[in-house]
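Hi everyone, thanks for having me. Please take a look at the sequence and the structure on the screen, and let's walk through them together.

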Amino acid sequence: MSVSSPGRSTSWTAGFDPWRCVACGGGLGDGGDALVCGSCGHVYPIRDGVLVVRDEVADNNRIAQDFYNSPLWPKFRVWEHVFWFFNGGERRARDKVLRHLPTGPGLRLLDVAIGDGVYLDWLPGDWQITGVDISTAQLAACRRRAEGRDVRLTLAEAEDLPFHNGQFDAVLSIGGLNHFNDPGRALAEMARVARAGAPVVVSDEAPDLTGRMLGHLTGIPALIRLDNWFVAHVMHLGRDFTDLVERNRHLDVAKLGRAALRDSTFEWIWRKGGYVLVGEAPAK
């Protein structure tokens, strides 16, 4: 069978079978080069070591998918590295999020919007990690980085996770929530697939990050347009993704956390350039 980690023989179902059909909610079984729903017969192919649950997405998710599959993402990442530099380096900055994860051995972690898995090497080697993303380019890069680890990768949407209830010891999501089609539903899905009491740790840049730019501070329309032009063309977010950022500037992440999680806390990090939301999955 095609596997997510080329360096290790990782079965999709042996020993850990969390898979749920997003069409009918039934369980998925091993179909060789696919997982097949035992209830409705829906087939989910495994392509290049990635389980394909949803390859056609729309609205915000389509904009994000196009961005991360395009040449714009590597260009924008230069600005991301500058951001990490002024926050003590990427490892130190990301540790402000990762420190909220449990520390036990053999933990089953779900990473929603895993991207290229840049921080996989900083997580314990005996953890069993399942990663979800909507970008084929990012998942391909993550698969290369995950070589030799117990990692399963899935092309799917955060709003409709292909897992049964209570499957994971912790859920992590970095850099995606602000731009999902439905952030509230995505957060509720993360809570659903975590076992009761398991931590759900979510982080992203400040939704109103462009609010620090001159045009947004002054409210002058011409300068706001200049801000957005700079973000789209100089920072390489592109016009569509820049418009998406603008639409979600006033997202109330703390409120979403209170609605979906138990004992949720919201904290600004990275000099208020980002946040971390931490809470526990409620009983199912």
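Let me begin with a definition: a salt bridge here is a side-chain nitrogen of Lys or Arg within 4 Å of a carboxyl oxygen of Asp or Glu. By this rule, the count comes to 16 salt bridges. Please keep in mind that this is a predicted model.

One of those salt bridges joins Glu157 and Arg54, with their closest N and O atoms 3.3 Å apart. Why pick this pair?

In which order do the strands lie? Reading across, 11 strands form an open sheet in the order S1-S2-S3-S4-S7-S6-S5-S8-S9-S11-S10, and their pairing is mixed. At the edges stand strand S1 (28-30) and strand S10 (262-269), and each has a single partner strand, so one side of each is left without a neighbour in the sheet. From one strand to the next, the twist averages 20°.

S10 runs antiparallel to strand S11 (residues 274-280), and six bridges join the two. For example, Glu267 has Val276 in S11 as its bridge partner.

Next, the helices that lie on this sheet. Helix H3 (residues 90-98) packs on it, touching strand S8 (170-174), strand S9 (199-205), S10 and S11, and the direction of H3 makes about 140° with that of S8. Helix H5 (residues 183-193) lies across strand S5 (108-112), S8, S9 and S11, and runs at about 150° to S9.

On to the surface. Which residues form a nonpolar patch there? They are Val78, Trp79, Val82, Phe85, Phe86, Leu226, Trp229 and Phe230, with about 820 Å² of accessible area together. Two elements give two or more residues to this patch: helix H2 (72-85) and helix H7 (221-234). H2 provides the largest share, four residues, and Leu226 lies in helix H7.

Last stop: aromatic rings. Searching the whole structure gives 18 aromatic pairs. Trp73 and Phe76 form one that is tilted, at 6.3 Å centre to centre and 35° between the planes. Because these two are three residues apart in helix H2, Trp73 and Phe76 are separated by about one helical turn.

Definitions and conventions:
Residues numbered from 1 in each chain as written. Predicted model: local features only at pLDDT ≥ 70, side-chain atom pairs only at ≥ 80, totals over all residues. Heavy atoms only, no water. Pairing = 2+ DSSP bridges. Axes fitted to C-alpha atoms, helices over the stretch in contact; angles between N-to-C directions. Contact = heavy atoms within 4.5 Å. Patch = residues over 30% accessible without salt bridge, like charges linked within 9 Å, V, L, I, M, F, W, Y side chains within 5 Å. Areas by Shrake-Rupley, 256 points an atom, 1.4 Å probe, with all protein chains shown as cover. Phe/Tyr/Trp six-rings, centres within 6.5 Å; stacked < 30°, edge-to-face > 60°.
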